Structures are given as structure tokens and as C-alpha cells.
Amino acid sequence: MPQFFLNKRLIILLVSIIILVALIGFSLKDRENLTWPEQFLKDTTGFIQNAVSSPVNYVAGFFENVEDLQNTYKENKDLKTRLDELARLESEVQRLKKDNTELREILDKKDSLSEFEPKQATVIGRNPDRWHELLIINKGKNAGIEPNMAVITSKGLIGKVKSSNTFTSTVQLLSSMDPTNRISAKIQAGENNFFGLIEGYDKEEGLLLLKRIPYDAKVEKDQNVITSGLGGVFPESLPIGKVVDVVPDEFGLTQTAYVKPGADFYDIGHVMVVKRGALQPELMEMVDEKEEEL
Amino acid sequence: MRRFLLPLILLALFIGESIFVQVTPHDLLGSGKIAVPRFLMAALLFLTIFGSKKHGILYGLLFGLLFDIVYVEIIGIYLFLFPVIAFITNKLMRILQTNIAMASIIVLLGISFLEAGVYQMNLLIHHTDMEFAVFLSSRLLPTLILNAIFIILAVYPFKRLSEKFADSLNE
């Protein structure tokens, strides 16, 4: 027995395993903000990444442009067919927009869940191990970026801000598997909207899982999925993707839809961080006064 | 000057891994296959084998912590695995001959240990629900192919570099 305690290496191993478990537990805790040494290190490396990534992106962009040139003819043909449709859509959008503002004025309702202001940012890093799908972007707290804001590309929602430092922020993609990563979404089905939660990602098929849709909802293929704005943080009607398949869940009480994301989760260069126009409700405001008295 | 060259190269590899993932297409080795660059781990193991064992483990700790904070945001995974694998490699090399071919195989073994370790940790904290067989075919195999190419290209330069680093420590 005394020999066991004299074995220095064994004790070092045991102590380091205890520290390891403590550290992992500490960082898995639902943290509002990172500690200042972490923020400092992230900002410092972000500075180097920023300096390196711009020339690299320039070179990579050049090769992409050459590739694009080869497809120009085919693309041009496709786009021309869509152009006729566009003129009609545009006039309709304008009419609806005007209608909307007029009706809002009548109702005296000023803020809407779908209002937002986008902030441009460039991706300067990505987690190489690809277990935790995280991006590092070059804007932080001093550009007004806060945790939990939605992040989009021109094609749709890609994720949310996980943590923000002074000069850089970390974005968690929809494709990363994190039990706390949930987004309130709705399916546009003609007159009706069906609500559900985006929870999880099928890596092999590249499809998002939209769970907890009511069992009687008639969801069909190719219907659009957008954010609902009901989660409290994201604005309404950011595009997410299209429905591919619907299956009942294991107990038959709700349905799960497989959603093909509109945005590409891999080829991301520039993103927009979205700040919701409508106020975010504080938790305290949602507690009923009577309830408080009890 | 020589004393600082190696840490600088390690830092460049640390940032290079992230840029490599960004620039290369995600289905580099076939669709659904994920090839993870482990260049930093390879360089740390070369340093442990050819240079100084103490510095291999020390830099393992340092860059493990940096990797956890900057890329993963969960402190502890790489902080633990980098030095432990460097330590095991050092123990293995005492039994085996220190030549280029043997070192390359051992480094590749270390990288597969790292991948399996990270997989187990993620399974433990419910950040993945991948099955082991899927992990072997869609992650471990492509990762080993990618890193084997890197090791073949880098083994000789890193041998020279590590030996010079060890010499500069002795001066």
C-alpha cells in the first residue's frame, strides 16, 4: 500500500484526471461569457488569424473566380429564364410592402418581429477538428455583437453567436451537435404555419432535424422553413431551408421533418450577424406579478 | 534565434490547421468523409522523438490549452491529450529504434490515438452520437490518409529542425 502512494507518476496522473474533469465541467456549464484570460487569448490569436486570412482568402478567391468563369454560359441561360418571373414578383412585393406599412400605421403597431439590422463580418478561422462546428469571425463586442444573435449568409440561417470577445466572436453552426442548440422555426404551408424546433443535424445526409411538429400537421415536401421569432432572440422569417421528408417520431405524438438547409455550412467566407429590431423580453418581465406575490 | 524557430513553426501550424479546413473542400476524400488535419500533433510528436522530450510535453500542454480555448471552447480535451500522447510516444521510442520510418509510423499511431481519444471524450459529454464503426470509416481512415501525406512530406525537415533545437538547448 505505501508503495502505491510513493508512485509519483500515478499520483500525477490521478490529480491531472481530476483537474481535467473539473475543467470540462466548468466549461460545459451554461456560461454567459468567457473568463477574461480566455477572451484575451482568443482576441490575440484572432489578431494573427485576421492578418493571415485576408491574403489567403484573396488567393483562394482568385481560383474560385476562374472556376466560376467556366460555368458562366450555363448560368446565364438559367438566369434569363428566371428574369421574367422576377419582374412580376418585384411589383407584387412592392405592393405588399406598401400595404403592410399602411396597415401598420392604422394599427399603430411599430415594431415587428421580422425587423433586424445586419452587421457584416468575415470568417477568420474554423475549428479544425470538426466535432464542434465553430467559426471565428472578425467582429466582437465593440461592433455590438452579443451572444445568441442569429448569423446568416445570403442563402439563409447558418447558426448563432456562441460567445463574443472584444474584437472577435465565435459562431456555432446549426450543424454542430449541442443539446442546448435549439431554434424555434415554422413551416410555411399555404394558409397555415406549423411550428417546431430545429434540434440536431444528420451529418451523413446533411439535413437538419425539425422536431416537435404537431401530429396532425400536413407537412409536404418542398415547403419553406423559416425562423419563427418566438424564441426571443432571433428575428422572424430568416430562411432556413426546405422540407425533404416527414416522419412520425418514436411515440407517434409529434412529427419530425428533415430540412435541407439553404445555406452551405462549409464554404463560408462572409457572414451577417443579425440584431433583432424588436426588444428582447427579460425573464423578469415574463413573470406574472401575482405569481411573484405567491 | 534557433530556439524560437520551432515554437514559431508550431504556432504557424496551429493557425494553418484552421486555414486548411477553410480553404480545402469539405469532401476532400469523398463525400461524408471527414479528414481532420493533425499537423500540430505530428510536429509535437516529431519534437518529442527527435528533439527534447521535456519540451515536447511542455509545448503539448501549451498548445493543447490554446487549441481548447480558441477552437473548441471546452477546456481540457486537448490540454490532456496532447501531453499524454507525447509522453506515451516517448516511452515507446525507448524500446524502438529512432529512425525516420519507425518515427513516421509511431506518429501516425499517435494521431489515431488522439482521434480516438477526442471521439471518446465527445461521446462522454454527448456532443456526438456517432457509432464506433461509423467513426472508423468516416473519420479515422480519411484523417490517417491526410496526415500520412503530411508526415511523409514533413518528417525529414522536422527531424533536422528538432535536432537543431535540441542542440541549441545544450549550448
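The largest nonpolar core has 59 residues, and Phe14(B) and Leu40(B) have the most contacts inside it. A nonpolar core here is a set of buried Ala, Val, Leu, Ile, Met, Phe, Trp, Tyr and Cys residues joined through side-chain atoms within 4.5 Å; buried means under 20% relative accessible area (1.4 Å probe, protein chains only). Elements that each supply at least two residues of this core include α2 (8-28) of chain A and, from chain B, α1 (2-23) and α6 (132-170). α2(B) gives the most, with 11 residues. Helices (H or I, at least four residues) and strands (E, at least two) are DSSP runs, numbered from the N terminus.

Leaving aside neighbours within four places in sequence, Phe14(B) is in contact (heavy atoms within 4.5 Å) with Thr45(A), Leu40(B), Phe63(B), Leu66(B), Phe67(B), Val70(B) and Tyr71(B). Apart from this core lies another, of 40 residues, among them Ala121(A), Ile158(A), Ala185(A) and Leu238(A).

A word on the ground rules: this is a predicted model, in which local features need pLDDT of at least 70 and side-chain atom pairs count only at pLDDT 80 or more, while totals for chains, interfaces and linings use all residues. Residues are numbered from 1 along each chain as its sequence is written, chains are lettered from A and ligands numbered from 1 in the order in which they are written, and side-chain values use heavy atoms, with hydrogens and water left out.

Now to the interface. Here, 41 residues of chain A are in contact with 43 residues of chain B. The two chains bury about 3900 Å² between them, 68% of it on carbon and sulfur atoms; this is the accessible area (1.4 Å probe) that two parts lose on being put together, summed over both. In chain A, Pro128(A), Arg130(A) and Trp131(A) lose the most area to chain B, together 20% of what that side buries.

Two side-chain pairs are set out below. A salt bridge is a side-chain nitrogen of Lys or Arg within 4 Å of a carboxyl oxygen of Asp or Glu. A polar contact is a pair of N or O atoms within 3.5 Å; within protein, one must be able to donate a hydrogen and the other to accept it, and residues adjacent in sequence count only if both atoms are side-chain atoms.

| Pair | Type | Distance |
|---|---|---|
| Glu73(B) and Lys162(A) | salt bridge | 3.5 Å, N to O |
| Glu133(A) and Arg126(A) | polar contact | 2.8 Å |

Glu133(A) lies in the loop between β1 and β2 of chain A, and counts as buried because its relative accessibility is 1%.

Key: Buried means under 20% relative accessible area, exposed over 50%, partly exposed in between (1.4 Å probe, protein chains only).
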